[in-house]
Amino acid sequence: MTAPVTRRSLLLKFGIFLNAVAGLALAIPIVGYLLSPARRKRMEGALTWVELGEVSAFPEGQVRMATFRNPSTRPWDGQTADIPCWVRRTGPSEFQVFAVNCAHLGCPVRWFPQSNLFLCPCHGGAYYADGSRAAGPPPRGLFRYDYKIENGRLQIKAGMMPTLGNVIASRTTPGEPCA
Amino acid sequence: MRLIRSTLDWFDARLKVGTAIRETADHPVPSRSASWWYVFGSGALALFLLQVATGICLALVYVPSADEAYRSLQVLNHEQALGWFVRAVHGWGSNFMVAVVLFHMAQVFLFGAYKYPRELTWMVGVVLLVVTLGMAFTGQVLRFDQDAYWGLGILTSIAGRVPVIGGRIVQILLGGPIIAGETLTRFFALHVFVIPGLLIGFVGVHLWMVLKLGINEYPMPGRLVDKETYVAEYEEMVRKDGVPFVPVAFRKDLVFSGALIAAVIVCAAVFGPFGPGGAPDPTIIQTVPRPDYFFLWIFSIAALMPPSLETFALLVGPPLAILALLLLPLWAGVGEKSWRRRPVAVLVVVFAGLGWATLTHFGSTAPWSPVMDAWSALPVPAKHLQGRSAVVRLGALVFQNKQCRDCHALGDAGGRRGPALDDVATRLTKDQLFRQVLQGGGNMPAYGTNLSPAETTALVAFLETLHPANEPPARDASQPTTPVR
């Protein structure tokens, strides 16, 4: 037996309905607000060309550290927006620019020119000078940035922390030869 | 005295909580449950209250901005009066809280407290463990130094391994494409608003169930839990043998909680605050990031796991472990409670404890990491140089200069990533040494392109001398013996 619809029961239902609508009208923008960092537009816009300096600052056959200011910053980012990278010059206009983040779990790899290796202090990952994996737990070689040379200045396409989910460069060949 | 009484009565006439408080205090508990084994839960609660109080104090000064956080921590440590002490109490309090929560869990597991009708109490407890660890991790992030920065990098790299949506999860975690301003503010919001809110809510539910269902009776070997009869038996036991919670059980809780907080204060005063370490500047890469002690075991697993299993273990392992804990009372909700008749349960706790301790030990020594300065900081033991030929000494120089020492120990000093080389000549022949150096393998990089033929010859000549005086070097049995140099 259904209860007869009265003015009072209708008011209750209308109250529930009104709150559901208001709740939805609030929930949708809040979810959008929370998920906004993962919007495709924002992710694609994150990568832009940044300058690392004169090409002549990077001697041929050597690996040097360069730093750049991350292109998308907030005024309160402070030092965290200063991002380092490893620049290896292999020819007059040939470069390899590696992210410092180890492909294993993101710790900063250090360059040892004596043994021509990048070594990671966290879990012992090791990479050869060309960025390919030499030893340890990393599942791949170092992440590489796309680069170009404009007016004698080296530029890389950067702006995102590289992870296995965000491989920053388009030209990185995943199957680089390992020893 | 009469004034106090009448004031209290005035309030209670309006608040109407006096009866509830009295009933809670007087509610009978089984006399044997008023035991020193039953003090860990209230101890964890006391530590949580301490964390709330000191956390609010820290929030008065701390600035949750990537630009300012590190400086505000320095101000807390060095300029703000007693700021160092409040930071120290908060830091030590968190370490104690994680430890006490784990002890509490082990105790209720061994005493079968998760069995009928307290299954949900256990499940909420598992959630509380996860939430407590969440507090510990986010708190470590707010101590915004190098370890916090690279710890976030590790979290990010793990999240990035999620198939398909990994990249998006990273963006949401960091609040943007890199670890920066918005990363710190969202971890601040988690640590200060979201997770404490969850913690308070779940602690309320947990305590409500403990009060309504009654505290677990002290298990007796052979007294089995039967869903048909348990509740009646428990009520009978409490009626016959119950003691009021206050003061019989409460006084032990009180003593333990007081001792815990005193211990936190002593540790804080003696050992001081944790960090902050180096500035959170990603361009300073001369750093050896390490997590706080309660996450060192995960750090170890990440190093020791075979790479092929790693993504699976990092992404699926923790949810599976939590699910197993959640489902435990549904799987083993009746029967024997006493640990004396549950050898498997005892073994699980022993192995979990030993595993945890072992992994934590490895995590704190990190034998898998190259010792980054061993090549330039450690001398070659003199016995390997005295009276040796020029080529051997040159080989020793190559050994140091090419950072071999970072991964290989000599005379018990150096890296532990690869085997110690004090007696390598007894294991590998000259030809095998050449092959290993040039081609690498067995998780060693190949040095073929990095060494000149002269350097390689010298290095192998040096390695050939590394054998005990009374043990000859290995030789190739297919070759005629040559006199030992």
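**Entry 1: Val126(B)**

I note here that the model is a predicted one.

Next I checked which element holds this residue. Val126(B) sits in helix α6 of chain B, which covers residues 119–142.

I then asked which residues Val126(B) touches, not counting residues up to four places away in sequence. I found Ile322(B), Leu325(B) and Leu326(B).

I also took one distance.

**Entry 2: chain A**

I turned to chain A and listed its elements. I have two helices and 11 strands on the page for this chain. Read from the N terminus on, the order is α-α-β-β-β-β-β-β-β-β-β-β-β. The radius of gyration of chain A is 25 Å, whereas the globule rule gives 16 Å for 179 residues; the value is well over the rule, so I put the chain down as more spread out than a compact globule.

For the extents, I took the box along the principal axes: the C-alpha atoms of chain A fill roughly 90 × 40 × 30 Å.

How many of the 179 residues of chain A count as buried? I wrote down 40%.

Last, I looked at contacts in chain A with a separation of 6 or more. Of these, 49% come from residues 24 or more positions apart.

Conventions
Residues are numbered from 1 along each chain as its sequence is written. Chains are lettered from A and ligands numbered from 1 in the order in which they are written. This is a predicted model: local features need pLDDT of at least 70, side-chain atom pairs count only at pLDDT 80 or more; totals for chains, interfaces and linings use all residues. Helices (H or I, at least four residues) and strands (E, at least two) are DSSP runs, numbered from the N terminus. Two residues are in contact if their C-beta atoms, placed from the backbone, lie within 7 Å. The radius of gyration is taken over C-alpha atoms; the globule rule is 2.2 Å times the number of residues to the power 0.38. A residue is buried if 20 or more other C-beta atoms lie within 10 Å of its own, exposed if 12 or fewer, and partly exposed in between; C-beta atoms are placed from the backbone.
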